[in-house]
Amino acid sequence: MIEPLAWLVCVAALPLVIVFASHTRLHVERVRSLSVGCAVALVGVTVLVFAVPDLRAFEIPFDPGQSVLLGPSLFRVDAFSSMLVVLAAALWLLAVAVTPRTRLDRAGLRRAALATLTTMFTFATVSPALLVLSWAASLWLFLAALSAPANRHAQRVAAGYLGASTLLFAAGVVLVTRPDGRDGVGEQVGIWLLIAAALIRKGIFPFHAWVPEVFDRGRLGPALMFSAPQTGAYVTVVLIVPRASPEALRFVAILALVTACYGAALALYQRDARRSCGYLFVSQSALVMTGLECTSKGALLGSLVLWISSGLAFTGIARCILVLEARRGRLDLSRHHGGYEQMPLLATSFLVLGLACTGFPGTLGFIGEELLVDGAVEAFPIVGFFVIAAGALTGLAVLRMYFSLFCGRRGEAVHLPLRPREAISFGAVAVVLLASGIAPAPIVASRLAAAELILRSRAEGRRVSLVLDSRAVRASGPCDVYSSSRASERSWPAAVPPLAKRARPTTGAAPRRARAPTRSETPSCTATTARSPRIR
Amino acid sequence: MTTERTLLEIAVLVVIVTPAVLVATLGAPALLRRPLREAAVSRLTRAAMVIAFVAAAFALVVYFATRSTPQVLSYGTWFSFGTGGFSFDFLVDGLSLGFAALATGVCGVVAAFSGRYLHREPGYNRYFVLFAVFVTGIVLVALAGSIEVLFTGWELLGLSSALLVGFFHERRAPVVNALYVFAVYRVSDAAMLAAAVLLHHWAGSGSLALLFSGEGVPPSPLQLDQATLIAVLLIAAVAGKSALLPFSGWLPRAMEGPTPSSAVYYGALSIHAGCFLLLRAEPLLEHSLLARILAVLAGAATALYATFAARVQTDVKSALSYAALTQVGIIVVEIACGLTTLAFVHIVGHACFRLLQFLSAPNILHDLHELENALGGPVEAVEPHEASTSVRSRLYLLALERGFVDEAIDRLVVAPYYRVADQLDRLDRLLCGDRTTRGGPAATTPASTSVARDDEGRRGSPP
């Protein structure tokens, strides 16, 4: 059994080593090498937690005066977040491994480490107050990365949009966690403030304009570290989904569906690679959001798979663009730049990553998109087909980028081949996406457990311990849970028996929006005690 | 019975796995910058094609010799979810095994031809990797037992086709045309995916055996209107893949690829993949009058259109592609009329004949010179008709401009898209306080109003 505190210390220490190293006199390349080593170690540690079921669920409780704002536990890693921390670590590894030498500086490496730490911190907590803190900290880090004069415009835009979202988020958290505000107008207002904050942070229409602007005129690397883990989606799952009314979720899902098409359509239109990339992110991010709000098991599972898939694939694409920009300058998609012969691995990786974004068969994206489409059509018989349209447009945008960036006559520019570090990184991401697309069972099973947990938390209006959930999934086999009838899936609150029903027969089913159970009522199944998250 | 099923399972597995292994065998060393030598690539490809063909032929013989009934061979589950699952199911019957044998046989011929034809061509290895991807796709389409497997094969066909159209990627025209081809394929794929989702949604299963069994009226658990909608979506998918109207514009553009790939895609197999799917879905069509009418109209209009367009083409590959399209249109009409046996024989015969024509196309001048040498003088050219009527002129113009289909799509789809996208892009910039208009459509988008010309201003296909 892993000691939670030791795990947390390890997770925090690795990025902090880089923060410390960046202040020393070490050569920047040495700091980068150290970063790569730490990132590899972090990926290893997080994968270990994800891969071993007994290590997958733990929490560090917090109970001074039972503060609702701080939540029941400071840190918690469960079936839902165990894979997200792997994603965060992988994104850090990719960032430090492929950042071109021309863009490498100590401050950048330090910010990347701190951004990773913040993201890990976010994914490892359900405490509303800590989420507000991490939300603000990640924004501060991002804005600091845009402080150069050339990025001032992007900084202003990001500060405007994301500052507003942070304020809305903080206000929303205060309103929904007021002890006396339960089931009142204040809570409803708070939920809508949280929704608005998440929409802005995720770049959902009509709050999407900052994303392409920041990708275009800002710095792509920090933008990726900030956006790709999709902490907005995490907050949605933790704070919004358990509380929001079905109508609110449907509204958000429809907005997300429209955004998915909108982003893909405008990505196809752009002539600047970065801006196109920005719209591509808007589309991918919206697809993830769609499933989270669809409240059907299939869509939710698809969305969770897509979260991982698009996080890796999209970051890979954007990093490819950075690598190419380091060799060619800004990339104009109206030209054909050539260079396939010099960089076949990069070209092939780009294509595979792009195809994963479009949900091409054989990649992890296909699993996510197939599930998402199915669930979205079930939830929205007509608008659900927007997911298919978004996939088609994304595919076209990606192939257009591929043709522009790697095909054409070789120009006068010198074509530098990939460095081994870059080749290994891009090749590894492509292989991971292909391998997990061909053999998706572990990821699907993990996301299935997470989807079950989210649905159960919504049914009960709160998040529950993962320990029971993972036991249930293990007992019924990895995918048997889905053999339930479609009707039962549609009416998930009835289909998913509340935890209270199973674990607390004496107290009966906790009605939605009922009082938070006291600790004595909460099932205590393992060493990782399931405490009642008195968030509301 | 068990022995026969085991033999079929082994044979079908070999047919499917062989090209997939070939993709990995050829692709992996190339990515590691250690590509195999030409001779090795050619030998491996030919060997794989022979193995796949022998396995497909063996399965066909076993199937007919034991008088088997159609059966679904399941090779396990990929993953499962709410409304069913994704299983590796393959439907084995005379139609699927026949088409698989045809596909592997044709691919074997093309592989042997390509090995010599593309000798010392830059991208030799890339060609064969994409060719192997294509073979994987076509056998998946042929043997698919679930709509997800069918969709996987369908997507692989589309991707490999687009990448092979852009094979000579140092020139602009092939790349632009490849993007156009891919755009049409995406529409086709979207229709296919929509059909797959609806099938899952309504039938609770993606089994093609269930959908295309023809048992019950309408087939299996589907209502009549549901069956009609799925059939119409499948026809849309077929129209995209087989270049039926209004999607015919991509066909001449696709001739930018190497001749052997044009032969196997647009002469023999890929263009017939849509017909095969329609043939497979014929039990579904039987119960949907609307879908049948739609198929007849699309097929007949395409045949007429293509026969006119073929007569004015100035390069042999374009002429051949339109000639192939004429036959495809007729085959679609045959299927819609319920003449399935005739349609299948038509597919097989036409695929083989057109393959031969395409493969001999690069040799046509040489053949002509040989003929002239034998005759002892030049072959007399056919003089055009002197008396030109107004109707004939208009028909000529219509054929020359390929029915103005591209222009219509540009005007009705592409131009409005650009207008709207431009306005939205400006609005987004304005929201961020940017009043400049630095965006705008890229020149390589599929908005070009005619077949893209390459850098030298030539139109059509390379030799």
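1. The model is predicted, so local features need pLDDT of at least 70 and side-chain atom pairs count only at pLDDT 80 or more, while totals for chains, interfaces and linings use all residues. Residues are numbered from 1 along each chain as its sequence is written, chains are lettered from A in the order in which they are written, and side-chain values use heavy atoms, with hydrogens and water left out.

2. Chain A and chain B bury about 5,600 Å² between them, and 65% of that is on carbon and sulfur atoms. Buried area here is the accessible area (1.4 Å probe) that two parts lose on being put together, summed over both. Chain A gives 67 residues to the contact and chain B gives 59, where contact means heavy atoms within 4.5 Å.

3. Across this interface the rule finds one salt bridge, that is, a side-chain nitrogen of Lys or Arg within 4 Å of a carboxyl oxygen of Asp or Glu. R275(A) and D425(B) meet in a salt bridge through their side chains, at 3.5 Å from N to O. On the side of chain A that touches chain B, the largest share, nine residues, comes from helix α16 (residues 386–406) of chain A. Helices are DSSP runs (H or I, at least four residues), numbered from the N terminus.

4. Over all chains the structure holds 22 salt bridges. One of them joins R274(A) to E325(A), with the closest N and O atoms 3.0 Å apart. R274(A) lies in helix α12 (residues 273–294) of chain A and E325(A) in helix α13 (residues 297–328) of chain A, so the pair ties together parts that are 51 residues apart in sequence.

5. In chain B, helix α3 (residues 94–117) and helix α4 (residues 124–143) pack at an angle of about 170 degrees, with their axes 9 Å apart. Axes are lines fitted to C-alpha atoms, for helices over the stretch in contact, and angles run from 0 to 180 degrees between N-to-C directions. That makes α3(B) roughly antiparallel to α4(B), a term for angles over 145 degrees.

6. Some backbone features are worth checking. The peptide bond from F205(A) to P206(A) is cis, with omega near 5 degrees, and P206(A) is in the loop between α7 (185–202) and α8 (210–217) of chain A. In chain B, the bond from L245(B) to P246(B) is also cis, with omega near 10 degrees. A243(B), a residue other than glycine, has a positive phi, near 60 degrees.

Definitions and conventions: Helices (H or I, at least four residues) and strands (E, at least two) are DSSP runs, numbered from the N terminus. Angles under 35 degrees count as roughly parallel, over 145 as roughly antiparallel, 65 to 115 as roughly perpendicular and the rest as oblique.
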